[in-house]
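Please look over the sequence and the model first.

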6 protein chains.
Amino acid sequence: MFHHSAKLQYKVSVDKPDPLFAKYLQQAIGGIEGEIRVAMQYFFQAMGARGDSKYRDLLMMTATEELSHIEFLGHAVALNLEGAPISEQEKAAEDPIVNAILGGMNPRHILSSGLSAMPVNSNGVPFDMSHVYATGNIATDMLANVTAESGGRVLASRLYNMTDDAGMKDMLSFLIARDTMHQQQWLAVIEELGGMEKQLPIPNTTPEDHEALEHSYYFLNTSLDEPTPEGRWTEGKSLDGRSEFTVVEKPEPLGQKPDLGKARPGTGAQKAQVG
Amino acid sequence: MFHHSAKLQYKVSVDKPDPLFAKYLQQAIGGIEGEIRVAMQYFFQAMGARGDSKYRDLLMMTATEELSHIEFLGHAVALNLEGAPISEQEKAAEDPIVNAILGGMNPRHILSSGLSAMPVNSNGVPFDMSHVYATGNIATDMLANVTAESGGRVLASRLYNMTDDAGMKDMLSFLIARDTMHQQQWLAVIEELGGMEKQLPIPNTTPEDHEALEHSYYFLNTSLDEPTPEGRWTEGKSLDGRSEFTVVEKPEPLGQKPDLGKARPGTGAQKAQVG
Amino acid sequence: MFHHSAKLQYKVSVDKPDPLFAKYLQQAIGGIEGEIRVAMQYFFQAMGARGDSKYRDLLMMTATEELSHIEFLGHAVALNLEGAPISEQEKAAEDPIVNAILGGMNPRHILSSGLSAMPVNSNGVPFDMSHVYATGNIATDMLANVTAESGGRVLASRLYNMTDDAGMKDMLSFLIARDTMHQQQWLAVIEELGGMEKQLPIPNTTPEDHEALEHSYYFLNTSLDEPTPEGRWTEGKSLDGRSEFTVVEKPEPLGQKPDLGKARPGTGAQKAQVG
Amino acid sequence: MFHHSAKLQYKVSVDKPDPLFAKYLQQAIGGIEGEIRVAMQYFFQAMGARGDSKYRDLLMMTATEELSHIEFLGHAVALNLEGAPISEQEKAAEDPIVNAILGGMNPRHILSSGLSAMPVNSNGVPFDMSHVYATGNIATDMLANVTAESGGRVLASRLYNMTDDAGMKDMLSFLIARDTMHQQQWLAVIEELGGMEKQLPIPNTTPEDHEALEHSYYFLNTSLDEPTPEGRWTEGKSLDGRSEFTVVEKPEPLGQKPDLGKARPGTGAQKAQVG
Amino acid sequence: MFHHSAKLQYKVSVDKPDPLFAKYLQQAIGGIEGEIRVAMQYFFQAMGARGDSKYRDLLMMTATEELSHIEFLGHAVALNLEGAPISEQEKAAEDPIVNAILGGMNPRHILSSGLSAMPVNSNGVPFDMSHVYATGNIATDMLANVTAESGGRVLASRLYNMTDDAGMKDMLSFLIARDTMHQQQWLAVIEELGGMEKQLPIPNTTPEDHEALEHSYYFLNTSLDEPTPEGRWTEGKSLDGRSEFTVVEKPEPLGQKPDLGKARPGTGAQKAQVG
Amino acid sequence: MFHHSAKLQYKVSVDKPDPLFAKYLQQAIGGIEGEIRVAMQYFFQAMGARGDSKYRDLLMMTATEELSHIEFLGHAVALNLEGAPISEQEKAAEDPIVNAILGGMNPRHILSSGLSAMPVNSNGVPFDMSHVYATGNIATDMLANVTAESGGRVLASRLYNMTDDAGMKDMLSFLIARDTMHQQQWLAVIEELGGMEKQLPIPNTTPEDHEALEHSYYFLNTSLDEPTPEGRWTEGKSLDGRSEFTVVEKPEPLGQKPDLGKARPGTGAQKAQVG
């Protein structure tokens, strides 16, 4: 069950409101790298967690934190929209700076939300929940979470560079810090479970006779003219310790040429396909 | 530039067509765990790759392989739809097995595609390209790729369990094998770049003074009644070697209670908000 | 800032797991009538609330409650998926009941989530955040909220009818009760603000000279052959007390026939359009 | 059955074409507050209307009017795009006003539609029909309609403020007027049906024993530190006349801590989850 | 401006309601081959029509007819849902036919719409307006329309085969007939404009010096092992009369190997990419 | 099976990077008129092709070419983003040109992709695979393909006009040329199959007794006040040679007034609807 405190998890101040930066910040709320995504992803992973219940707790606790991130970012968007233009005046139409602001800001910040945050990204595209990755496989889910936090920290760093506002920089430095921790805590789960080698291949419960092992350890160079990029993936022991990496170049197809034959009458095809 | 061979990368045969399994297989084509996603994800990562060009090559070569996976899966769907019911007959209406098939199969396999594969998942929801994760940050992208291949192998293993058809099991065992390799090759890139510790935190180019380091290494227990789940993430050296993990329990808010004040006249609010 | 308790807001038990009912319950999680929607809608309205701050508090408190509803519904879905078929066996293929279950359940409950809840509706369509209605106008938002809770209680009542499971009926009776309260609390806000008459027309800050008042109070019968449906909307004082309702039948167009003329050269039109 | 007149329902003129305003107007066509939405919502509600047939007629007549609104707004968009830049010239590249226009307008107005309206919102996001709310419950549907018309009038008022064009202001004043009427006509239906008290709780056909009445009339203060916002919703007779409002503060969870136990073998989990 | 008659364009009767067929029929309402699509496509093309105004009229008249098709199909869906199961009873749970119906029908026909039509396809995916193709180029638009009507007639024919209901077959035979006409009327526009040869290449206003004509008339065989499929496209005069068709086999790339160099500092890349 | 060459199909150079043009080019990658769409459309049509296998080959070969188009366009986007602003500096904030660029460019080119291409259109809306039209009917599919290539060439021509960059103009002239060929090759398939008359009506396998032929050849003038637009579609032999075109003006409805009666108890309706 959830509860709430009236204060924000972190302080938010904006020295000089910037409607364009409000648009950018939306990426951290409703983008695929944003906070709605991680809040909901950890929440749904927690609800589906099976096995040691401490991972469910871990997920739910951080889901709860991410909800608080949405909240202070939403406040930051609204503060950046303070004083934004809400009417077109003759004078403004000739001021290139005002024109650039009007052209550049998200029009729905004026037209739809009345100068506050929306659950959309920086293009105004609403977040959709298909991005909530929760598979029931703990290793996959932890990797999805590290990925999400990496994308999140990349985004927060880029946003940090896009503003000169001290308040915004301070808030973003907090987000950058929390993303640092969250990257590591999901990786720490994998370490606790015995490390990556023990988790691979994921899922590690797939019986070996369900796998065509002769195809499991070669890198396939599908290029006609480019040499194989040499690296850890082309030689040496496989990361799961089961085999050695090799390379297959200029591969021949192993299958047949597909042929579906004629169309059945009654399937809405043309005569030429049935005949 | 791309080229094509007429034969499939791997052989596809179906002993006993099963329209319901055709629906399930769609998840491996147009699901977020599916082949369109990885093909396009590696393709777009390759097109945006900066730094050592061998990673671009690696990405493009595997993108090309994934396109071939779409192709043989698409053929498998069509073969599973051979002989599917295309008309309702009085007799069928009373045969519970036929009814279950008609009720259970994707109606668009009859109505829209004429008994062949579509770029949709097992619910018939079309794949959308927002799931192509490509950030320009190689560590994030590699993690996104391991995640995708882990989800893919989980899915292929589940599909393997859902069929008794020898041909389908054989094809899926090939997919399971290739996903094994692909998981490892993306992790091997991280290993080549010096291992995870060196890559963390991601991005590792964010200047330290952009980060509120005092918030970077504590686990936040946001629960009111649950003890902190102890683990690698609550004590010991942080995974990036920069600090030690600690815990903050029952955290107090660090920010203010938000207050946006009154609405501006002319913003479409109610009088009660402006007044 | 958000916090969490380990226990659910309301108890959840399932006497006889039913994978088909798990699919139905998804509508209450990820449907437009569901809990993600109201949780996020109240959350975003709260973040954008201007005017008397008590409405912000009210919204945030109920947003928090709705998050708890997602949580117990998610648990209910998982419990209904206990024991669901995860492999196709020859015998099952001939058992019409098992076939009906396999055909009827959401395949992604097996293939994608590993027998747990997803943020999708009963068709497997992911929730998308465009359904988070938050306008910055308090009367509009309150009406949107009553609407959402009405749709929610309609749904919960229909779900109640679709199950014989005592545990599920008990849980749904709690949801039905809370939706009762939530319908009323949003209407009570309107009453507090002076009642509907005072709020109309919404927004009530639009200056009268922005409105073509001669078109504000007639019902337009656009039918060629049907008499005007008589009612409160065709006569008597208007609900905002500003005028009297009238009727316009078989209306004549008030505008011109549109004509965009020829296409400009260089706009990618055909010669016939430019010439 | 539908019919058409060649002339527009209302006259449209644009004194000074403005491609940026064309983008804004799209919100009134393809936004969730726009005319496609209400046209389709009333249309589908009409097709599903059960009970007194006069409500079906009412809905269909207004659906028909809304189609006419799409039409004149579409013409307004095209007129605002007259003369928009369709080629990049060296000179323009250095004119900040032209640059602001090019940067600010919807590029698809040039690239995709050839200077005419599209069924998208002001961010260029296509309208999707999930926003057509039609539940088969007349009270819910009427509330959804008042909500839609309130959002519509808020939007039209904001658009009115964003333009100085006399023709556009005139057209919008007509829209504002019709939204006034439509808000009231849907509320008038509720009044005709006996008023809100008689309609509550919605649906009013849910048997009382399907409802956990002990949870139906308290406001839940989920905040840890904020006092309950006092108001009509915390005391006095409930709006449906069935009970009295009360408050529950700092609520204790009523349910169990969820525990799904271990994962079943064969579900694609990791060994650590199954073991 | 639009008007309405109370009666349907065509009579609708259902002898034996079939909830599964109701689901199928949704494809003809909200599918990409359905009536909402063509109604809106012709409507938006009409609103953007430039050149001879008779094409605008033609488009608007048929748009209006398609709205009437939505209407009678919507009624057909509702009639097919008459008597559909709305509660789960112990007995039903053991009746495989009832189970197959419950598993096969769209659950939202029970849960969301209350036994009536929705603007979704047969998978329950809502129609989205990105499928309204309107380019401002009359030849492209006419081809898009023939395509839509061809897909529509394919669908109607498939639906005809999926029912034994005489009323439904009669209604569908009307749809099949109207699609016949609509296919031809859009092709007739092209014939009137001088036929396909004169319209090609589309757009026919593109200046020839904007086109690399040396690449305009060869078929590119991108296969490594398959001979060129010979046909009208490999030899003879081009269809626009400007050139002769030829073939290029096993093509060599004409471009460079792409190389984006290192990542710029400050773009959120990893050190390895910048260094 | 697919293969790859390291070089691009066509050379790409950008003389003067232009982040705004990078945004426009996205329409040619991820727009409905773009290359992902045709690549995937031909690919899925090929996988479902029944009848003479040479059409499968033709489709697959051109699908492969379109993948190469995505590749060089993706490179063009990245080159146009070279040097784009990635940080906000005080000075820039006062330079209207820089402001216009920042306001006009896709913010996700900075925030999400790190200055490279994304699978989105020029509004930043991700491509979704519902636009892959593949029906199993060869005539419908060929028409869909001509339509797609016509939209593609319209788009490429418009893009050509929007840039002054010689490298970009050269690349676009290649795209314009290939779209010329592709338009014709799909039309040539129809010619090979006997021409349009023989293919009509589509599908030409629908038995004549499935069609209400008395409704197949009249143009329906649904306007109340506009004369029938005369043309090839109002008189003369029908294009399939089966009949003569006629006109029906001011049509009377052929169906009944719909009436669904009262709502069933237990369906979540209001008392007023059931009573």
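## Domains of chain A

In this predicted model, the domain assignment divides chain A into domain 1, residues 19-197, and domain 2, residues 206-253. The centres of domain 1 and domain 2 of chain A, taken over C-alpha atoms, are 37 Å apart.

An unreviewed UniProt entry lists A:Glu66 under "binding site". A:Glu66 is part of helix H3 of chain A, which covers residues 53-80. Its relative accessible area is 0%, so A:Glu66 is buried.

The "binding site" annotation from UniProt (unreviewed entry) also covers A:Glu35, A:His69, A:Glu149 and A:His182. These four residues are spread over 148 residues of sequence, yet they cluster in space, with a largest C-alpha distance of 12.9 Å. One of them, A:Glu149, belongs to helix H7 of chain A (residues 138-161). With a relative accessible area of 2%, A:Glu149 is buried, because values under 20% count as buried.

## A helix pair in chain E

In chain E, helix H7 (residues 138-161) and helix H8 (residues 166-192) have axes that come within 9 Å and cross at roughly 160°. Angles over 145 degrees count as roughly antiparallel, and H7(E) and H8(E) are therefore roughly antiparallel to each other.

The crossing of H7(E) past H8(E) is left-handed. Sorted by class, the residues in the contact of H7(E) with H8(E) are 13 nonpolar, eight polar and four charged.

Most peptide bonds are trans, and most residues other than glycine have a negative phi. The following residues depart from these patterns.

In chain D, the peptide bond from D:Ile202 to D:Pro203 is cis, and its omega is near -5°. D:Pro203 sits in the loop between helix H9 (196-199) and strand S2 (218-221) of chain D. In chain E, a cis peptide bond links E:Leu200 to E:Pro201, with omega about -20°. The loop that holds E:Pro201 runs between helix H9 (196-199) and strand S2 (218-221) of chain E.

B:Lys250 is not a glycine, but its phi is positive, at about 40°. This residue is in the loop between strand S3 (246-249) and helix H10 (271-274) of chain B, and B:Lys250 is exposed, with a relative accessible area of 53%. For F:Lys250, phi is also positive, near 40°. F:Lys250 lies in the loop between strand S3 (246-249) and helix H10 (271-274) of chain F. Its relative accessibility is 51%, so F:Lys250 counts as exposed.

Notes:
Residues numbered from 1 in each chain as written. Chains lettered and ligands numbered in written order. Predicted model: local features only at pLDDT ≥ 70, side-chain atom pairs only at ≥ 80, totals over all residues. Heavy atoms only, no water. Axes fitted to C-alpha atoms, helices over the stretch in contact; angles between N-to-C directions. Helix = DSSP H or I, 4+ residues; strand = E, 2+ residues; numbered from the N terminus. Parallel < 35°, antiparallel > 145°, perpendicular 65-115°, else oblique. Left-handed = near helix turned anticlockwise from the far one by under 90°. Nonpolar A, V, L, I, M, F, W, Y, C, P; charged D, E, K, R; others polar. Domains from an automatic or database assignment. UniProt positions renumbered as here; feature names shortened; annotations may be inferred. Buried < 20%, exposed > 50% of the residue type's maximum accessible area, 1.4 Å probe, protein only.
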